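Here is a short report on one protein chain.

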Amino acid sequence: MEIYKENQLKIYNSLTKSKELFKPVTEGRVGMYVCGPTVYSNVHLGNVRTFMSFDMVFRYLLHLGYKVRYVRNITDAGHLENDADEGEDRISKKARLEEIEPMEVVQRYTVDFHETLAEYNFLPPSIEPTATGHIVEQIEMIKEIMNKGLAYEVNGSVYFDVLAYNKAGNNYGILSGRKIEDAIHNTRTLDGQSDKKNPQDFALWKKADDRHIMRWPSPWSDGFPGWHLECSVMSTKYLGEQFDIHGGGMDLKFPHHECEIAQSHTCSGNAPVNYWMHANMLLLNGQKMAKSTGNYVLPKEIISGDNTVLSKAFAPSVVRFFNMQAHYRSILDFASDALEASEKGYYKLMEAVNSLENIAAAKTSTFDIASWRQQCYDAMNDDFNTPVLIAHLFEAVKLINQLKEQKASLNTGDLDLLKNTINAFVFDVLGLTNETKQDTSDKIDGVVELLIKLRKEARDNKDWALSDQIRDELLALGIQLKDGRDGTTFSIN
Ligand code: AMP
Ligand code: ZN
């Protein structure tokens with residue numbers, strides 16, 4: 001269904017710093033590129049948050065009826081330890097420390113990445129290309145940039161000439177807003193340790209020193225490509241010289257995405273991306289979650305409960321729900337109490353969704369489902385505003401509870417619309433799975449059912465004191481009994 005025809009999706013474009021009406025290059029189709037992980041260690045929950053934001057974007061575009069080609073790469077070479085084009089390749093370093101082949105490192109962490117995303121119910125991208133699979137194309141792009149006079153070779157390495165790029169009328173800094181004098185990649189130039197003409201220049205090809213085991217032949221040296229190049233090459237190859245959406249974490253804006261624009265623009269003469277989207281950071285203890293500082297938690301440790309951050313284990317859908325309760329452009333603080341609150345909300349939502357099956361249609365409707373449904377779309381069309389969508393979903397939870405208590409009614413058409421809309425947004429768009437409460441919750445439910453039975457026996461025996469005692473003491477624990485025509489039900493707060 002081409003729902004997009006009735007809906008006006010707006011996307012916040014980091015390039016123009018404004019929300020813009022989304023118009024794809026080709027009607028009905030979307031090309032989206034998202035920078036993938038550097039596979040030298042396990043992805044932490046911060047990485048997962050960014051990928052999950054784009055999984056939600058991918059899911060919503062599909063739901064709207066677009067044919068989406070979603071490309072998310074795997075960085076398996078060329079990403080050095082720092083942004084100054086210096087230090088060891090992250091994967092080589094890990095291989096050296098563990099005394100294994102670099103490709104063993106790549107395989108281990110690619111498998112971990114895929115397992116993690118499957119556990120968290122991600123849709124696979126359409127194409128998942130690797131940097132090492134595109135060395136030939138990267139060498140070709142370097143030649144093209146050199147032919148245009150915007151790159152130079154020094155001692156077997158090739159650098160992009162940022163000042164020449166700007167002199168030619170371009171704007172290096174267009175995305176990050178950095179002034180050219182501040183856009184420095186290498187602070188050691190002045191003491192003569194760099195081959196670069198200017199500290200703003202960045203590596204397209206680096207000559208490998210003797211220690212560097214990941215190397216390929218090229219016209220300039222045995223070496224390896226600069227990290228920024230792979231994304232220009234692979235996005236152009238699979239999505240064309242001008243495509244719709246490019247995403248990544250906020251921290252990739254500079255230098256990574258700024259360099260991508262400069263490289264691609266040099267080759268094609270076009271701005272390569274129409275909508276730049278940047279996801280905000282997940283924090284732990286008030287600081288960015290990051291591997292390098294040790295301030296992180298792994299997605300698997302959340303599911304197993306084997307970590308020092310959380311009070312207990314949480315289901316993957318609870319974590320997904322927690323992420324979706326924040327807008328992708330907002331900072332999000334990860335903490336045990338916040339996850340506990342999300343857990344309550346998630347199970348409340350699932351309980352309502354699951355009880356929909358038992359609700360019978362009435363002759364008339366007391367609730368305007370069509371306009372509620374439109375509000376759900378309006379939220380998502382407003383730059384993928386998942387927290388507002390979730391607020392609307394909880395209006396539906398309230399309605400479902402009223403329907404159960406026969407305080408509201410829906411006719412057949414509206415009831416179907418409610419079911420279809422809830423299922424579409426909860427499962428297809430937000431990507432939640434229908435997990436039932438954990439074991440202990442099930443056991444608590446069983447105990448409450450037993451007490452309800454004993455209370456009924458007490459009432460049948462006219463033992464009102466015991467019956468009231470059971471009701472009041474359960475209430476004191478936050479468990480409310482509700483006596484209805486068809487027996488007693490309960491809710492746990
Ligand atoms: P990397 O493997 O380091 O290239 O990172 C993969 C993705 O995770 C990038 O899009 C980063 O911007 C993103 N990322 C890294 N740290 C965080 C964080 N704490 N919160 C959200 N996204 C992050
Ligand atoms: Zn990238």
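## A residue in a helix

Helices here are DSSP runs of H or I with at least four residues, numbered from the N terminus. By that rule, Leu163 sits in helix H5, residues 162–167. The model is a predicted one.

Is Leu163 buried, exposed or partly exposed? Its relative accessible area is 31%. Buried would need a value under 20%, and exposed a value over 50%. Leu163 is therefore partly exposed. Leaving aside residues up to four places away in sequence, Leu163 touches Ile180, Asn198, Gln200 and Asp201. Pro199 lies 36 residues from Leu163 along the chain, and their C-alpha atoms are 9.9 Å apart.

## The chain as a whole

The protein chain has 493 residues, and 52% of them are buried. Its secondary structure comprises 15 helices and 15 strands. The C-alpha trace spans about 95 × 50 × 35 Å along its principal axes. Take the contacts between residues at least 6 apart in sequence: 73% of these join residues at least 24 apart.

The domain assignment gives domain 1 (3–279), domain 2 (283–437) and domain 3 (441–492). Between the C-alpha centres of domain 2 and domain 3 the distance is 29 Å.

## Nonpolar cores

In soluble globular proteins, nonpolar side chains tend to be buried together. The largest nonpolar core in this model holds 133 residues. Leu61, Phe334, Phe384 and Leu418 have the most contacts inside it. Helix H1 (residues 45–63) contributes the most to this core, with ten residues. Domain 1 (3–279) and domain 2 (283–437) each supply at least three residues to this core.

What does Leu418 touch, not counting residues up to four places away in sequence? The list is Leu356, Ile369, Trp372, Ala396, Leu399, Ile400, Leu403 and Leu410.

## Helix H1 against helix H13

H1 also contacts helix H13 (residues 412–429). The two axes come within 9 Å and cross at roughly 140°. Antiparallel would need an angle over 145 degrees. H1 and H13 are therefore oblique to each other.

On the H1 side, the contact is made by Met56, Arg59, Tyr60 and His63. H13 brings Ala424, Phe425, Phe427, Asp428 and Val429. By class, this contact of H1 with H13 has six nonpolar, one polar and two charged residues.

Notes. Residues are numbered from 1 along each chain as its sequence is written. Chains are lettered from A and ligands numbered from 1 in the order in which they are written. This is a predicted model: local features need pLDDT of at least 70, side-chain atom pairs count only at pLDDT 80 or more; totals for chains, interfaces and linings use all residues. Side-chain values use heavy atoms; hydrogens and water are left out. A nonpolar core is a set of buried Ala, Val, Leu, Ile, Met, Phe, Trp, Tyr and Cys residues joined through side-chain atoms within 4.5 Å. Buried means under 20% relative accessible area, exposed over 50%, partly exposed in between (1.4 Å probe, protein chains only). Helices (H or I, at least four residues) and strands (E, at least two) are DSSP runs, numbered from the N terminus. Domain bounds come from an automatic or database domain assignment. Contact means heavy atoms within 4.5 Å. Axes are lines fitted to C-alpha atoms, for helices over the stretch in contact, and angles run from 0 to 180 degrees between N-to-C directions. Angles under 35 degrees count as roughly parallel, over 145 as roughly antiparallel, 65 to 115 as roughly perpendicular and the rest as oblique. Ala, Val, Leu, Ile, Met, Phe, Trp, Tyr, Cys and Pro count as nonpolar, Asp, Glu, Lys and Arg as charged, and the others, Gly among them, as polar.
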